[in-house]
Amino acid sequence: MKPFSMTYWRKFVAKEWFLMVVSLVLASFLWNFVSGERTVDKNVMIPVEVINLPRDLVISNQFKKEIEVTVNGPRSLILELETKQITRQIDLSKAVPGTTVITNDVDSIPMRRGVTVLRVQPSTIILSLDKLIQKKFTVNPVTTGQPSPGYILKRLQMDPEVITITGPETVLSRYEVLRTRVINLNGLKKSIQQQVPLDLEPAIVDLIGETTITAEITVALETVQKEYKVKLVEPATSGDTVIEQVHVIANVPKLLLDNKTNVASLLSARVEENAENGFVGVVRIIPSQDLSLPVEVISIDPATVELKKTAESP
């Protein structure tokens, strides 16, 4: 075989030791290139990543979500750190309720070869771990003022009436109810719906945010139960008795009474034939158009009248 022939070179290149020599040369070249590059110190911000937190636990305190790390290494590698997704991972797979202190040492930050971690700030992270629970809270309205004179607050209903919150047991155990901000009832004359923010402590806001509910405010006329004798428009004969008036019990708006309104004079009664039984008349109370406010009739005595039977045709 001729020296330096093609066959000779193929056998030479095929040798394993030749490939190893080439690898060592390339590695030596790269190392010399990197080693020869100027090294720098730089502060970089590394995110804190909590992993494997048990489902029944929650971190109940505020802690820094980033730590400051001082690194040393070739400028090109330091610049690459900005594009690398390097995090300070905190594994809580074995955590229990209570206070856990995490130490940030130079070995806790994963860095590529050639970059050295010099310092980590803060040196520790304190985590308060609490049991995660659900708790139901009744929403209590807080009001000020009164409806307009002659009107009363009949009902004040919150929608929703109950709010369920999920959060740390030590936080939720401090509260029993949720309260609204002040609802002004002053001068109301009609029922309304109103959006009302809840008056929440900061610890609850952190869990559910600023929350608004609907207040359904029902306002009604203030009434007084009164008894009246009301005349029939047309007297009715029940058997042998002639009925000219009926006895009425009604809820009357206090405003009418305060204004000295003669309510009885503004009411009349009429006997209407019963569609199901033509021999029985039903007494109806008819308010006058001059009656400015509604009167609620509770009872009428007599409520029905027996009408005379007409003779049948032969």
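Guide: Leaving aside its neighbours within four places in sequence, T70 is in contact (heavy atoms within 4.5 Å) with six residues named here: K42, N43, T116, V117, L118 and R119. This is a predicted model, in which local features need pLDDT of at least 70 and side-chain atom pairs count only at pLDDT 80 or more, while totals for chains, interfaces and linings use all residues. Residues are numbered from 1 along each chain as its sequence is written, and side-chain values use heavy atoms, without hydrogens or water.

T70 itself belongs to strand β3, which covers residues 66-74. Strands (E, at least two residues) and helices (H or I, at least four) are DSSP runs, numbered from the N terminus. T70 counts as buried because its relative accessibility is 11%; buried means under 20% relative accessible area, exposed over 50%, and partly exposed in between, with a 1.4 Å probe and protein chains only.

In soluble globular proteins, nonpolar side chains tend to be buried together. For I125, the contacts beyond four places in sequence are V48, F63, I67, I90, T100, V101, I102 and N104.

The loops deserve attention as well. P122 lies in the loop between β6 and β7, and the peptide bond that joins Q121 to P122 is cis, with omega about -5 degrees.

P147 is buried, since its relative accessible area is 10%. Residues up to four places away not counted, P147 touches I152, L153, L185, G187, L188 and V219. Of these, L188 is 41 residues from P147 in sequence, yet their C-alpha atoms are 4.4 Å apart.

Two other loop residues have a positive phi. N52, in the loop between β1 and β2 (57-59), has phi near 60 degrees although it is not glycine. N52 is partly exposed, because its relative accessible area is 47%. K260 also has a positive phi, near 60 degrees, in a residue other than glycine, and its place is the loop between α6 (254-258) and β15 (267-273). With 73% relative accessibility, K260 counts as exposed.

Finally, consider the chain as a whole. The chain contains six helices and 18 strands. Of its 314 residues, 29% are buried, T70 being one of the buried residues. Among contacts between residues at least 6 apart in sequence, 70% join residues at least 24 apart.
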